[in-house]
Amino acid sequence: MPKSKRSTIVPLTQTSKKGREGKEKLIEDIHECVDNYDYLYLFSVKDMRNTYLKEIRHDFNDSRFFYGKNRVMAKALGTTPEEEYKEGLSGIAKNLTSEVGLLFTNKQPEEVQSYFAEFVKPDYARSGAIATDTITISEGPVMRGVDPMPHNMEPLLRSLGMPTVLKNGIVTLLVPYTICMEGETLSTNQAHLLKLFYHQLAEFRVELISCYHNGQIQQLE
């Protein structure tokens, strides 16, 4: 990466000592990574799952990830050409909004981009997601996979909108029940029911947005 323009002192807004120290440490860590890694990626991920992120971190144990505290990370990089820690970093900082993060690595671009293109995991959709399939539960004894739904789950199913009763200790659906229709926006109850019935209608993936190297930014979307 290009040589640092200058030693940058990043002003922080008034905050508690503990909070200020945390922000200062994050800024120092990012500056250190800019100096020690050849490539910086801006990535996006929706509905972060710690389990999958742990797997990615394991595979990139020689790299550094930063996720969350976008405003502090942007300040560390520098939001304008005059403030940027190294030339060109403000182009990354201006896009640190919403659910995005930073990856610092010395791995070659071909390896990094191939890894994330292939890292796709089935996942449970959350509320607000769009259903990718229509899921209907048949009338009669309620099954979850190949097993009957546990009887102690009946009150929960009923509270989530399913017309269920207990018949001889068996959770029973009085009429066919459609949890969701393809294309509709999922409610909290629908998302909960899909998880209870083991229907994974989402995919976890990390999208690489751009790559910074030697002062230049390559758009990857």
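Me: What is the relative accessible area of tyrosine 198?

Reply: The model is predicted, so local features need pLDDT of at least 70 and side-chain atom pairs count only at pLDDT 80 or more, while totals for chains, interfaces and linings use all residues. Residues are numbered from 1 along each chain as its sequence is written, and side-chain values use heavy atoms, with hydrogens and water left out. Buried means under 20% relative accessible area, exposed over 50% and partly exposed in between (1.4 Å probe, protein chains only). Tyrosine 198 falls in the partly exposed class, because its relative accessible area is 47%.

Me: Where is tyrosine 198 placed?

Reply: Helices (H or I, at least four residues) and strands (E, at least two) are DSSP runs, numbered from the N terminus. Tyrosine 198 has a positive phi of about 65 degrees although it is not a glycine. Its place is the loop between α7 (188-196) and β12 (202-205).

Me: Lysine 69 also has a positive phi. Is lysine 69 buried or exposed?

Reply: The phi of lysine 69 is near 55 degrees, in a residue other than glycine. Lysine 69 sits in the loop between β2 and α3. Its relative accessibility is 56%, so lysine 69 counts as exposed.

Me: Which backbone oxygen does the side chain of asparagine 70 reach?

Reply: Asparagine 70 lies in helix α3 and is buried at 15% relative accessibility. With contact taken as heavy atoms within 4.5 Å, asparagine 70 touches Leu96, Thr97, Ser98 and Val100, not counting residues up to four places away in sequence. A polar contact is a pair of N or O atoms within 3.5 Å; within protein, one must be able to donate a hydrogen and the other to accept it, and residues adjacent in sequence count only if both atoms are side-chain atoms. At 2.8 Å, the side chain of asparagine 70 reaches the backbone oxygen of serine 98.

Me: How many bridges join β9 to β10?

Reply: An open sheet of three strands has the order β6-β10-β9. Valine 165 stands opposite threonine 172 in β10. Strand β10 (residues 170-173) runs antiparallel to β9, and the number of bridges joining them is four.

Me: How much space lies in the largest cavity?

Reply: A cavity, on a 1 Å grid over the protein atoms alone, is a set of points where a 1.4 Å probe fits but cannot get out, and lining residues have an atom within 4 Å of a point. Grid points are joined across faces, edges and corners, and a volume is the space filled by probe spheres set on the points. A search of the whole structure finds one cavity of 30 Å³ or more. Lining residues of the largest cavity include Phe43, Met48, Phe116 and Phe204, and the space in it is about 40 Å³.

Notes: 1 Å grid on protein atoms, 1.4 Å probe; cavity = no way out; pocket = protein on both sides within 12 Å on 5 of 7 lines; lining within 4 Å. Pairing = 2+ DSSP bridges.
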